[in-house]
Amino acid sequence: MEKKAELTGILPVIPTPFNEDMSIDKASIKKVTSFCIESGASALVFPGVASEYDFLSSAERLELLEAIYEVNQGKLPIICGGGKGSAEEIGENILKSEKFGVHAVMVLIPKQFKEDIEGATNFMKTVSEIAPNVDVILQNAPFPIGAGLDPESICEIAKAVKQIKYVKEETLPSGNKITNLIKNAPSHLIGVIGGGGARYVIDEMNRGTVAAMPAAEITDLHVAMWNAHKSGDIALARTIYKDTLPLLIIQAVYRMRLTKYVLTLRGVFKNSVVKAPLPELDAQDKEELKYQLESLSKYLKTTTTV
């Protein structure tokens, strides 16, 4: 079997666009896929937590994944999120996704395993046994989104499940956890991927992460920051990073709603409709976001409509 290319760089999580009637918007997911490719992303992630996968049926998930596959045409690796449910349901989701050429799958350790390492290990083993032909990214998200396990537990699970090739570490503070994961990882683990909306990305890179998996609205900016850091221009990377923080601090509150609103400002989405129960943006919030996006325009590869 041909060895897969290792994941590296910026891996944006593609958000799910909805029409005003809450149906999925396939035209807009094709547009945001093109946006991410043109922005220099290294892979495409769908569906993740930031894709509102809790609010997608299995049929909708596959329909959107197919649309991404059609646009991508093999340009970038596709990372498929396993979604929610039992290990058996997630394994079946992965099997249904394989026809779209997925490079790897991302599986979240559910919150019910917060104090149950044996249960978490068996959960990952079951998923891997049902879908044995794809590499796995173990997503360790903070409680109550996920189990929020410590590095020792994550390494224990990874040692028991050889299909786990990456860990996406999002519990806070992430820095020391990333350092411990890299130091104590089993030999088959390729690397650790940063999360947390890229709010800690410079520290994560300094500690040796192989990739970052932020939301998609400023993919081109995150790519510029990543490339500057990798080329040795740490000062530029830090400057870009500092300039992103006001926007990302707001994103920490409004999450997918902010992602979608910024994508509407950039001419990618038609609206910022979300199904997740998130705060509404008022007129002042929207003016602030326009200001923040305009302040970042010098870094942006693609045009905006601000």
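Predicted model: local features only at pLDDT ≥ 70, side-chain atom pairs only at ≥ 80, totals over all residues.
Residues are numbered from 1 along each chain as its sequence is written, and side-chain values use heavy atoms, with hydrogens and water left out.

Back to the strands. S1 and strand S8, residues 211–212, run parallel and are joined by 2 bridges. For pairing, DSSP has to find at least two bridges between two strands. Strands here are DSSP E runs of at least two residues, helices are H or I runs of at least four, and both are numbered from the N terminus. Zooming out, S1 and S8 sit in an open sheet of 8 strands, paired in parallel, in the order S1-S8-S7-S6-S5-S4-S3-S2. S1 and strand S2 (44–46) are the edges, each pairing on one side only. Helix H6, residues 174–184, packs on the sheet, where H6 touches strand S6 (164–169) and strand S7 (191–194). The direction of H6 makes about 165° with that of S6. Angles run from 0 to 180 degrees between N-to-C directions, and axes are lines fitted to C-alpha atoms, for helices over the stretch in contact.

Now, what about the inside? The largest nonpolar core has 57 residues, and Val107, Met124 and Ile164 have the most contacts inside it. By core I mean buried Ala, Val, Leu, Ile, Met, Phe, Trp, Tyr and Cys residues joined through side-chain atoms within 4.5 Å. Buried is under 20% relative accessible area, exposed is over 50%, and partly exposed is in between, with a 1.4 Å probe and protein chains only. Helix H2, residues 58–72, gives the most to this core, with 6 residues. Take Ile164: leaving aside neighbours within four places in sequence, Ile164 is in contact with Met124, Val136, Leu138, Ile157, Ala158, His188 and Leu189. Contact is heavy atoms within 4.5 Å. There's also a second, separate core of 29 residues, with Ile202, Leu221, Ile250 and Leu300 among them.

Ile250 takes us to a helix pair. In H9, Pro246, Leu247, Ile250 and Tyr254 meet Asp285, Glu288, Leu289 and Gln292 in H11. Helix H9 (residues 234–254) packs with H11 at an angle of about 145°, and the axes are 10 Å apart.

Last stop, charges. How many salt bridges does the structure hold? There are 10 salt bridges, counting a side-chain nitrogen of Lys or Arg within 4 Å of a carboxyl oxygen of Asp or Glu. One of them is Lys270 with Asp25, closest N and O atoms 3.5 Å apart. That pair links distant parts of the chain, 245 residues apart: Lys270 is in the loop between helix H10 (256–265) and helix H11 (283–295), and Asp25 is in the loop between strand S1 (9–10) and helix H1 (26–38). Lys270 is exposed at 61%, whereas Asp25 is buried at 5%.

Then there's Lys30 with Glu70, closest N and O atoms 3.6 Å apart. Lys30 lies in helix H1 and Glu70 in helix H2, so this pair ties together parts that are 40 residues apart in sequence. Lys30 is partly exposed at 31%, and Glu70 is partly exposed at 38%.
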